[in-house]
Amino acid sequence: MGRPQEVDVEALLAHARAIWVSGGMRAVTIRALSERSGVSNGSIYYHFASRDDLLAQVWAAESLAFRAFRQEQIESARQGGHGQEAVIAAALATGGYADVKGAAARVLVASRPDSVSPEGVPSQLVKVLSQHRALTDELVADLAQEVWNRNDEAALRLMRNCVVDIPARIFMSAGNDPLARYAIEQAVRGVLRAGPPHGIP
């Protein structure tokens, strides 16, 4: 068996991400990646144990980059004082990240870490995927405590709506234009003003 073709793994991940953005997760196959990159199937399998391993690595790379970007935005907003601005910064981070990474931001918004099967994925990578949910939960809890001084189920669910659900839904349906960002900000500000209800589990 000959030596595998020398390849740039980061370039392969970039090609796979581009396929994902244009055609969705299902479009990302070893064959599609081979055709797009010009790298043989065998060489791709040399670097990725399976298609699920490839998907997981693409998603994990975007997850790590996005979390770092979002945290920078939150910390910058916190310097201005009120915790509500940190929530707004977290909500608008998806659009800001799209400014930096373009349509690749849709990899994160349109799919979840648990949509990638752990089968055939190295255990260390599985931990990265599971960490994303845990760290998002931690951020939601911190912001709910900071803004509302509450960590009950209603407060956590509502804060998740603010920093995850509302931005994702508007971003996916309306894109990343100024009006979409305005809609996200005003929706989140409205929720923050109202606060979490009492008596709703």
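This is a predicted model: local features need pLDDT of at least 70, side-chain atom pairs count only at pLDDT 80 or more; totals for chains, interfaces and linings use all residues.

Trainee: Which residues meet where α1 packs on α4?

Mentor: From α1 you have Leu13, Ala16, Arg17 and Trp20, and they meet Leu54, Leu55, Gln57, Val58, Trp59 and Glu62 of α4. Sorted by class, that contact has seven nonpolar, one polar and two charged residues.

Trainee: Let me zoom out for a second. What makes up the secondary structure of the protein chain?

Mentor: Nine helices and zero strands. Of the 201 residues in the chain, 42% are buried. And if you take contacts between residues at least 6 apart in sequence, 68% of them join residues at least 24 apart.

Trainee: Back to charges. How do you know that Lys101 and Glu62 form a salt bridge?

Mentor: The test is a side-chain nitrogen of Lys or Arg within 4 Å of a carboxyl oxygen of Asp or Glu. For Lys101 and Glu62 the closest N and O atoms are 3.1 Å apart, so the pair passes. The two partners come from distant parts of the chain: Lys101 is in helix α5 (residues 83-101) and Glu62 in helix α4, 39 residues apart.

Trainee: Is Glu62 buried or exposed?

Mentor: Buried: under 20% relative accessible area is the cut-off, and Glu62 has 1%. Lys101 sits at 29%, so it counts as partly exposed, the class between 20% and 50%.

Trainee: And what is linked with that pair in a network?

Mentor: Arg17, which joins Glu62 and Lys101 in a network of salt bridges. Arg17 is in helix α1, and its relative accessible area of 22% makes it partly exposed. Leaving aside neighbours within four places in sequence, Arg17 is in contact with Val58, Glu62, Lys101, Ala104 and Val107. Arg17 and Ala103 are 86 residues apart in sequence, but their C-alpha atoms are 9.6 Å apart in space.

Trainee: How many salt bridges does the structure hold?

Mentor: There are 10. One of them pairs Glu85 with Arg189, at 3.0 Å from N to O. That one also links distant parts of the chain, with Glu85 in helix α5 and Arg189 in helix α9 (residues 178-194), 104 residues apart. Glu85 itself is partly exposed, at 32%.

Trainee: What makes Asp152 and Arg150 a salt bridge?

Mentor: Their closest N and O atoms are 2.7 Å apart, and the limit is 4 Å, so they qualify. As for burial, Arg150 has a relative accessible area of 16% and is buried, whereas Asp152 at 29% is partly exposed.

Trainee: Then why does Arg70 have no salt bridge?

Mentor: Check the distance again. The nearest side chain of opposite charge is Asp137, and it is 9.4 Å away.

Trainee: Last one: which residues of helix α2 are buried, and what do they pack against?

Mentor: In α2 (residues 30-37), Ile30, Ala32, Leu33 and Ser34 are buried. The buried residues of α2 pack against α1 (9-23), α3 (41-47) and α4. Just after α2, have a look at Gly38, which takes a positive phi of about 80 degrees.

Conventions
Residues are numbered from 1 along each chain as its sequence is written. Side-chain values use heavy atoms; hydrogens and water are left out. Buried means under 20% relative accessible area, exposed over 50%, partly exposed in between (1.4 Å probe, protein chains only). Lys and Arg count as positive and Asp and Glu as negative; His and the chain ends are not counted. Helices (H or I, at least four residues) and strands (E, at least two) are DSSP runs, numbered from the N terminus. Contact means heavy atoms within 4.5 Å. Ala, Val, Leu, Ile, Met, Phe, Trp, Tyr, Cys and Pro count as nonpolar, Asp, Glu, Lys and Arg as charged, and the others, Gly among them, as polar.
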